[in-house]
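Trainee: I would like to learn how the words used for a structure follow from their definitions. Could we go through them one by one?

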Amino acid sequence: MIKNLLFDLGGVIMDIKRDDCVAAFEAIGMADADSYLGEYVQAGFFAGVENGSLSPAEFRAAVRQVIDREVTDDQIDHAFGCFLKGIPLHRLEELRRLATRYHIYLLSNTNPIMWSQGIRRYFSQQGKDIHHYFEGIVTSFEARVMKPDPAIFRYAERKLGIRPEETLFIDDSQTNLDAAARLGFHTLLAAPGTEFYTELRNAGLAE
């Protein structure tokens with residue numbers, strides 16, 4: 001019996017566009033931004049700020065080492081934030097509707113720069129806070145490990161107090177879903193171009 005819905009963020013709830021982020025970093029002088037930024041997981045010092053091994057200040061210092069001009073913290077943060085395109089209000093409404101039937105949680109590969117400057121703001125557009133939509137939240141920079149590493153799912157189990165056999169994990173990455181399934185989670189793919197609530201209804205898990 002499914003009691004919990006564990007949501008990925010980017011590509012499922014929040015719209016993202018990797019190419020805009022790559023272009024923004026290139027615009028401030030990072031010639032090889034494309035090699036660091038992925039749709040589902042980052043590389044190099046971008047991975048470091050997402051897995052918690054680098055602080056935001058250390059990340060910005062690493063960016064400056066590969067840029068051929070002076071850039072401010074705000075310019076770097078703005079370029080990173082270009083990954084995020086916003087959350088349609090109807091998705092927030094669907095989360096609230098699902099919360100009448102399930103416990104709703106979030107599990108996201110993200111970083112403190114996006115979290116503090118963009119993500120929290122998009123969840124406040126109805127005068128609410130992100131915690132209004134989720135009973136518990138796990139981020140990769142807090143857990144110090146990224147999906148699809150099994151350790152982040154075990155961390156989520158402990159922090160959120162959930163059991164895999166009672167939890168449906170919803171993600172847009174099949175690799176992440178496969179990792180969760182091996183640990184006993186139920187899984188649902190919200191592929192690009194689909195809506196998570198449509199997939200839940202198609203699976204008979206929502207009305």
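Mentor: The protein chain holds eleven helices and seven strands, where helices (H or I, at least four residues) and strands (E, at least two) are DSSP runs numbered from the N terminus. This is a predicted model, in which local features need pLDDT of at least 70 and side-chain atom pairs count only at pLDDT 80 or more, while totals for chains, interfaces and linings use all residues. Residues are numbered from 1 along each chain as its sequence is written, and side-chain values use heavy atoms, with hydrogens and water left out.

Trainee: Why is K147 called buried?

Mentor: Buried means under 20% relative accessible area, exposed over 50% and partly exposed in between, with a 1.4 Å probe and protein chains only. K147 has a relative accessible area of 2%, and therefore counts as buried.

Trainee: How do you know that the side chains of K147 and D171 are joined by a polar contact?

Mentor: A polar contact is a pair of N or O atoms within 3.5 Å; within protein, one must be able to donate a hydrogen and the other to accept it, and residues adjacent in sequence count only if both atoms are side-chain atoms. The contact between the side chains of K147 and D171 is 3.0 Å.

Trainee: And why is A179 called buried?

Mentor: A179, found in helix α10 (residues 174–182), has a relative accessible area of 3%, so it is buried.
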